[in-house]
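Biologist: Before I ask about individual parts, could you show me the model and then settle the terms we will be using?

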Amino acid sequence: MHRTTIEWVRNPDGSPGYTVNRRRMNVAGREIGPGQPVWCVAELGINHNGDLATAKRLIMSAKAAGCDAVKFQKRTIDLCYSASVLAAPCASPWGQTVRAQKEGLEFDDEAYQEIAAYCAAIAIPWFVSVWDVEAVRFVERFHLPVVKIPSALVTHRPVLQAVRALARPVIMSIGMSGLSEIESAVALLEGVPLALLVCTAAYPCPIEELHLSRLHTLRRLFPTLTYGYSGHEVGLCSTLVAVAHGAQIIERHLTLDRSMSGSDQAASVEPHAMAKLVREIRDAELAMGNGRLERRACEEKSWRKLRQERPECGTE
């Protein structure tokens with residue numbers, strides 16, 4: 001659900017100011033939005049390489065790093081790729097065609113049942129990005145608390161309509177999308193709690209192509225929505241900048257080893273880096289403080305020494 005909140009703003013003289021409406025998204029009992037801790041998502045995607053044991057190690061690594069949720073990607077191969085693409089040659093551990101590779105990277109319902117049980121056992125929510133209408137039905141079967149629309153499907157009306165019919169919170173990345181495309185998608189998803197994530201669909205993404213100022217653009221154009229950042233860059237600094245600029249959701253790919261085979265591994269962070277990122281996000285939240293201009297309790301000793309004890313200082 002989305003809940004409208006009211007922020008009371010005071011004028012410089014302390015008198016009551018205006019009110020600002022903001023909306024918070026609730027996912028698995030966790031409120032996301034203004035005044036709440038950043039919701040940190042470990043995007044596991046296909047970095048498990050189709051291996052359930054690797055997937056569990058990734059989930060545990062995300063939990064140990066302090067992440068709030070983990071995310072997978074769900075595709076129906078024959079709906080996402082044409083027959084000619086699937087028949088094309090492609091050497092991989094699973095065979096010699098694109099079909100063999102794509103099918104090798106997908107988990108079936110039985111594997112996801114095991115993933116669901118594992119996530120429940122260690123108390124970390126999980127969800128998926130949906131790449132076709134059948135994947136949306138998968139979300140419904142597993143009663144997932146939120147659904148992700150990837151950048152590739154911002155303009156895919158059937159998927160957007162199917163997602164809206166679920167009537168549950170939605171997160172949508174806006175990579176490769178102009179304003180008119182984003183506005184159309186937002187209109188199609190009217191009535192469901194929605195978060196927009198700034199994203200550049202390049203893997204890895206050059207720093208100069210991140211354009212984090214889009215966070216301010218989203219806040220100005222869609223002031224009642226939740227917003228955040230999905231990053232594919234190398235390094236952590238720019239993700240912290242996104243937090244400083246108001247991102248309420250952070251999503252970064254997690255891998256056990258960036259040298260592993262796979263298209264997303266190089267644009268991912270390893271467990272120790274993910275733990276560092278989450279820790280520094282929490283430090284950044286503390287550092288932001290409340291914005292009031294006043295003398296702090298921790299400054300009392302310095303105030304007495306540097307002001308009160310100086311003979312030329314008055315008592316103003």
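Modeller: A residue counts as buried under 20% relative accessible area, as exposed over 50%, and as partly exposed in between, with a 1.4 Å probe and protein chains only. Helices (H or I, at least four residues) and strands (E, at least two) are DSSP runs, numbered from the N terminus. The model is predicted, so local features need pLDDT of at least 70 and side-chain atom pairs 80 or more, while totals for chains, interfaces and linings use all residues. Residues are numbered from 1 along each chain as its sequence is written, and side-chain values use heavy atoms, leaving out hydrogens and water.

Biologist: Within what arc do the buried residues of helix 10 fall, seen down its axis?

Modeller: In helix 10, which spans residues 237-244, the buried residues are Ser 238, Thr 239, Ala 242 and Val 243. Judged by the directions from the helix axis to the C-beta atoms, they line one face of helix 10, because they fall within an arc of 155°.

Biologist: Which elements do those buried residues of helix 10 pack against, and what phi does Gly 246 take?

Modeller: With contact taken as heavy atoms within 4.5 Å, the buried residues of helix 10 pack against helix 9 (214-221), strand 12 (226-231), strand 13 and helix 11 (271-288). Just after helix 10, Gly 246 takes a positive phi of about 105°.

Biologist: Which elements are included in what covers the buried residues of helix 8?

Modeller: Helix 8, residues 179-188, buries Ile 182, Ala 185, Val 186 and Leu 188. These residues sit on the same side of helix 8, because their arc around the axis is only 160°. Their cover includes helix 7 (157-166), strand 10 (170-173) and strand 11 (194-198).

Biologist: How far apart in sequence are the parts that Trp 39 and Phe 127 tie together?

Modeller: Aromatic rings (Phe, Tyr and the six-membered ring of Trp) pair if their centres lie within 6.5 Å, and planes under 30 degrees apart count as stacked, over 60 as edge-to-face and the rest as tilted. Trp 39 and Phe 127 are stacked, at 5.8 Å centre to centre and 20° between the planes. Because Trp 39 lies in strand 4 (39-45) and Phe 127 in strand 8 (126-130), the parts they tie together are apart in sequence by 88 residues.

Biologist: At what angle are the planes of Phe 138 and Phe 142?

Modeller: Phe 138 is buried at 0% relative accessible area, and Phe 142 is buried at 13%. Their ring centres are 4.5 Å apart, and the pair is tilted because the planes are at 35°.
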